[in-house]
Amino acid sequence: MINKNSIQDEINRTLESLDGAERARANPFLFTRIQAKMNREKSVWSMLLGTISRPAFAFAIIAFILLANIWTLYQGNNRTDSANSAFQAATAADLPEEYNLAVNTFYDYETP
Amino acid sequence: MVPEQALIEQLKRGDEAAFKLIVEQWKDMVYNTSLGIVQNETEAEDITQDVFIRVFESISSFKGESKFSTWLYRIAVTKSLELLRSKKRKKRFAFLQPLLGNETADSLQPADFQHPGVALDNKERSVQLFKAIDKLPDNQKAAFILHKLEGISYKEVSEILGTTVPAVESLMNRAKNNLRKHLEEFYRSNR
């Protein structure tokens, strides 16, 4: 019982331990640090925007897109040409066999 | 001393001197609130900086419907709780830290926090109290810190948390009951 009471007493005193606590003081140079942080954030964005808005950057991007398109077209044409010729060759040689186009009858075998 | 309303109007026009006065006038209030919630001096200073940057950037959205200090408290509480949530997420994935980088799980474990404003003879007890506060749910934690550490009335706490006075009373009762439970566990195991 005494133990329980002493625990409750301890808890009450702990809960009251913040009573009358003074306010913690912020860094005296807080404003300077805020300014530095704002400038840092501003400089990162302005650097990014500055790079993007340069004409050289825009021309480089356009050139890259054009080259990528040309390369894709060129690759596409090559692939269709080789695919077509391969297909034609294969058709000529293999089609009769593939689809059993030769006319075979058992009369052929029986004739001497 | 420049009146609050005049300072706000000057800040809306982008006046840097007004911004400096605002920071100087309210920095301790914001810092103390953040410190009570996050229980880490470096993080509380970072939050205080972010709160004032946010004030500078979005002062035009402050319509004056609530007190300026209420608006500041609201930003400080939101930012502090956001940081705690992100720390909790990091803690959940702490087992990946050694694989991904050099930060170890130990760096996420808080040390015993001593509030600099607590009287010397209460220091030891306040360490236990802050450990118990750290285990409270977010809204109970915010209400308890605002009322107990900043000495704000239930009415103003309700305005900051966007709720009613009876809801704050209920939050405070639940917070005290939970703190009692955590402290009882601690004192029983340390007898």
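How many helices and how many strands does the secondary structure of chain A come to? Four helices and zero strands. Keep in mind that this is a predicted model.

Let me stay with chain A for a moment. From the N terminus on, its elements run α-α-α-α. Chain A has 112 residues, and buried residues make up 8% of them.

Now chain B. Here we have nine helices, and again zero strands. Read along the sequence, the pattern is α-α-α-α-α-α-α-α-α. Chain B has 191 residues, of which 30% count as buried. Its C-alpha trace spans about 60 × 45 × 30 Å along the principal axes. What about contacts along the chain? Take the contacts in chain B between residues at least 6 apart in sequence: 57% of them join residues at least 24 apart.

How many residues does each domain bring to the contact between them? Domain 1 of chain B gives 13, and domain 2 of chain B gives 14. On the domain 1 side, α2 (16–38) and α4 (68–92) of chain B each supply at least two residues. By class, that side of domain 1 has six nonpolar, six polar and one charged residues.

Now the two chains together. The contact takes 32 residues from chain B and 22 residues from chain A. Which helices of chain B each supply at least two residues of the side that touches chain A? They are α2, α3 (41–58), α6 (123–134), α7 (138–149) and α9 (165–189). The largest share comes from α2(B), with eight residues. Sort the chain B side by class and you get 13 nonpolar, eight polar and 11 charged.

So far α2(B) has come up at the contact between domains, and at the contact with chain A. Let's look at how it packs inside chain B. A quick reminder: two packed helices are described by the angle between their axes and the distance between the axes.

Start with α1(B), residues 4–12. Its axis and that of α2(B) come within 8 Å and cross at roughly 135°. Are they parallel or oblique? Antiparallel would need an angle over 145 degrees, so α1(B) and α2(B) are oblique to each other. The crossing of α1(B) past α2(B) is left-handed. Which residues meet? From α1(B) we have B:Leu7, B:Gln10 and B:Leu11, and from α2(B) we have B:Ala18, B:Phe19, B:Leu21 and B:Ile22. This contact has six nonpolar residues, one polar and no charged.

Now α7(B). It packs with α2(B) at an angle of about 130°, and their axes are 10 Å apart. That makes this pair oblique too. This time α2(B) passes α7(B) in a right-handed crossing. On the α2(B) side, find B:Asn32, B:Thr33, B:Gly36 and B:Ile37. They meet B:Lys141, B:Ala142, B:Ile145, B:Leu146 and B:Leu149 in α7(B). By class, this contact divides into five nonpolar, three polar and one charged.

To wrap up, follow α2(B) on the structure. It meets α1(B) through residues including B:Phe19. It meets α7(B) through residues including B:Ile37. And it supplies eight residues of the side of chain B that touches chain A.

How values were computed: Residues are numbered from 1 along each chain as its sequence is written. Chains are lettered from A and ligands numbered from 1 in the order in which they are written. This is a predicted model: local features need pLDDT of at least 70, side-chain atom pairs count only at pLDDT 80 or more; totals for chains, interfaces and linings use all residues. Two residues are in contact if their C-beta atoms, placed from the backbone, lie within 7 Å. Ala, Val, Leu, Ile, Met, Phe, Trp, Tyr, Cys and Pro count as nonpolar, Asp, Glu, Lys and Arg as charged, and the others, Gly among them, as polar. A residue is buried if 20 or more other C-beta atoms lie within 10 Å of its own, exposed if 12 or fewer, and partly exposed in between; C-beta atoms are placed from the backbone. Axes are lines fitted to C-alpha atoms, for helices over the stretch in contact, and angles run from 0 to 180 degrees between N-to-C directions. Angles under 35 degrees count as roughly parallel, over 145 as roughly antiparallel, 65 to 115 as roughly perpendicular and the rest as oblique. A crossing is left-handed if the near helix is turned anticlockwise from the far one by less than a right angle, and right-handed if clockwise.
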